[in-house]
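Please examine the sequence and the three-dimensional structure shown below. The explanation after them is intended to be read with both in view.

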Amino acid sequence: MLQKRLGEEVTTLVHGRADYETALEATNILFGKATKESLLKLDEQTLLDVFAGVPHFEVSREQAIGQKAVDLLAEHTKCFASKGEMRKLTQGGGVSINKEKLAQFDREITDTDLLDGKYILAQQGKKKYFLIIVK
């Protein structure tokens, strides 16, 4: 508790309150129970900074928008080794898109799934993330 308070004070003193809040949101996204709303609050640069160490995939709009999630995540990006693996994980509640559990592996990807108009954050399990850049 003392470490958190000290970290808050030092970060606020050095960088300002707004940067502390941004850092806290970023930490919650990676390690906490963040929601899609938390992701939407992040500006593009912060989103890229937070997910700098995760695998990135670039796809065209045609490969993403209007496609089934299983096709995007298992074929076009290789976030999953196979469609079967993704189906099993989805049925077990282990796949999320933008921090929302994917209920159906064959759900269509739409424009509303894009963060900042060009990013999709896919998650496998609790700690494995993939950033998909839609161009």
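This is a predicted model: local features need pLDDT of at least 70, side-chain atom pairs count only at pLDDT 80 or more; totals for chains, interfaces and linings use all residues.

Residues are numbered from 1 along each chain as its sequence is written, and side-chain values use heavy atoms, with hydrogens and water left out.

A nonpolar core is here a set of buried Ala, Val, Leu, Ile, Met, Phe, Trp, Tyr and Cys residues joined through side-chain atoms within 4.5 Å. Buried means under 20% relative accessible area, exposed over 50%, and partly exposed in between (1.4 Å probe, protein chains only). The largest core has 19 residues, of which Leu72, Leu73, Met86, Ile97, Ile120, Ile132 and Val134 touch the most other members. At least two residues of this core come from each of α6, β2 (95–97), β4 (119–124) and β5 (128–134); the largest share, 4 residues, is that of α6. Helices (H or I, at least four residues) and strands (E, at least two) are DSSP runs, numbered from the N terminus. Apart from this core lies another, of 15 residues, including Ala26, Leu42, Phe51 and Val54.

Thr77 is situated in the loop between α6 (69–76) and α7 (83–91). With 1% relative accessibility, Thr77 is buried. Its contacts (heavy atoms within 4.5 Å) include Phe57, Val59, Leu72 and Ile132, when residues up to four places away in sequence are not counted. The side chain of Thr77 also reaches the backbone oxygen of Leu73 at 3.2 Å.

A salt bridge is a side-chain nitrogen of Lys or Arg within 4 Å of a carboxyl oxygen of Asp or Glu, and the count comes to 9. In one of them, Arg107 pairs with Asp113, the closest N and O atoms being 3.2 Å apart; Arg107 is partly exposed at 29%, whereas Asp113 is buried at 5%.

Leu6 lies in helix α1 (residues 2–15) and is exposed, with a relative accessible area of 56%. Together with Val10, Leu13 and Val14, Leu6 makes a nonpolar surface patch of about 440 Å². Patches are made of residues with over 30% relative accessible area and no salt bridge, nonpolar side chains (Val, Leu, Ile, Met, Phe, Trp, Tyr) being joined within 5 Å and like charges within 9 Å. Accessible areas come from the Shrake-Rupley method with a 1.4 Å probe; for residues, only the protein chains shown count as cover.

Methods: A polar contact is a pair of N or O atoms within 3.5 Å; within protein, one must be able to donate a hydrogen and the other to accept it, and residues adjacent in sequence count only if both atoms are side-chain atoms.
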